[in-house]
Amino acid sequence: LHLSIRRQRQMCIRDRVNEVQNLKKDKIKHKYNWKEIVLIIIGIILVASAIHFFLVPSNLTSGGASGIAIVLSHYIPLGVGPLFILVNIVLFIMGFIFIGKDFGTRTIIVTLALSGLVWLFEIIFPNPKPLSDDLFLLITLGMIIQGIGVGMVLNQYTSTGGTDIIAKIMQKFLGLDLGIGCVVADLVVSIFAGSAFGMNIFLYSVMGVIINGAVVSITISGLNTSKLCYINTKEVELVSKFIIEDLDRSANLIPYKGAYSKKDNVLIQTAVSTREYIRLKEFVNDADPTAFVVTSSANEILGEKWRR
């Protein structure tokens with residue numbers, strides 16, 4: 001009877017612990033979902049603004065579905081907004097036919113939302129004039145804004161569709177790397193832009209493809225950069241408690257033997273955001289001015305309390 005009551009009590013404790021952990025996971029998931037939605041919305045607004053205010057008025061393109069829509073608007077009496085939606089619909093149909101249902105629901109929603117926002121900008125701000133006569137300035141600033149927006153969207157595990165679908169089709173049937181496929185597809189769009197608007201536009205569009213790719217890569221890396229820290233301190237318990245309770249992060253305690261002192265000690269290893277690193281550095285300095293800290297940049301950290 002005593003053993004039975006004991007087992008029952010242990011099961012109750014285990015169930016309660018599991019319940020608390022599940023609630024905590026749901027809270028974290030909910031928080032990240034809202035953060036992802038906000039970042040995606042900001043990214044979409046940036047991309048739509050770059051297309052409508054920087055690219056469309058001067059017939060510049062950086063490839064993608066928006067570039068196809070800009071070229072088609074030269075031949076078809078429709079605005080870039082509705083053509084953007086039609087191009088994406090056609091691309092999605094091609095994707096379903098040739099590569100199957102290899103699209104997330106969010107990618108379809110994001111792509112249609114971006115197309116709809118470009119159309120909305122056309123209605124609210126019809127026939128925008130070029131912000132400058134300098135095409136180099138327009139393509140550079142436009143690609144920086146668009147690249148940041150695309151990077152923010154891609155960083156949330158979705159995409160803006162477009163020529164990504166063509167790249168996936170080429171990957172399946174031609175064996176091309178996905179990154180190379182995207183560049184090839186965008187360059188083909190730039191060639192069509194050149195045939196419609198002249199060699200000058202073609203050259204600027206090629207430059208736009210290169211700038212856009214570089215900015216997207218830099219944005220994704222910048223959004224995920226954190227700090228990996230190794231802390232050698234006499235105040236191991238104090239610093240560990242600060243990391244866990246104040247920063248809400250975790251840490252590893254790594255036993256080691258000093259090469260000079262020959263004494264056994266413990267090294268703290270932790271990963272924190274850039275903002276948290278400033279607080280951690282100040283705390284360690286106050287707690288132990290003789291502490292030895294080695295810090296490096298971590299391009300991405302995955303796991304609990306970090307990205308999925």
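A pocket here is an open set of points on a 1 Å grid over the protein atoms alone, where a 1.4 Å probe fits and protein lies on both sides within 12 Å along at least five of seven lines; lining residues have an atom within 4 Å of a point. A volume is the space filled by probe spheres set on the points, which are joined across faces, edges and corners.

We're looking at a predicted model, where local features need pLDDT of at least 70, side-chain atom pairs count only at pLDDT 80 or more, and totals for chains, interfaces and linings use all residues. Residues are numbered from 1 along each chain as its sequence is written, and side-chain values use heavy atoms, with hydrogens and water left out.

Start with the second largest pocket, at about 480 Å³. Its lining has 25 residues, and Val150, Thr163, Asp164, Asp186 and Asn212 sit closest to the centre.

Now for the strands (DSSP runs of E, at least two residues, numbered from the N terminus). Strand E1 (residues 226-232) runs antiparallel to strand E4 (residues 292-298) over 7 bridges; strands count as paired if DSSP finds at least two bridges between them. Asn232 has Phe292 as its bridge partner in E4.

Last stop: the salt bridge (a side-chain nitrogen of Lys or Arg within 4 Å of a carboxyl oxygen of Asp or Glu). The count is 1: Glu276 with Arg249, their closest N and O atoms 2.9 Å apart.

Notes. Helix = DSSP H or I, 4+ residues; strand = E, 2+ residues; numbered from the N terminus.
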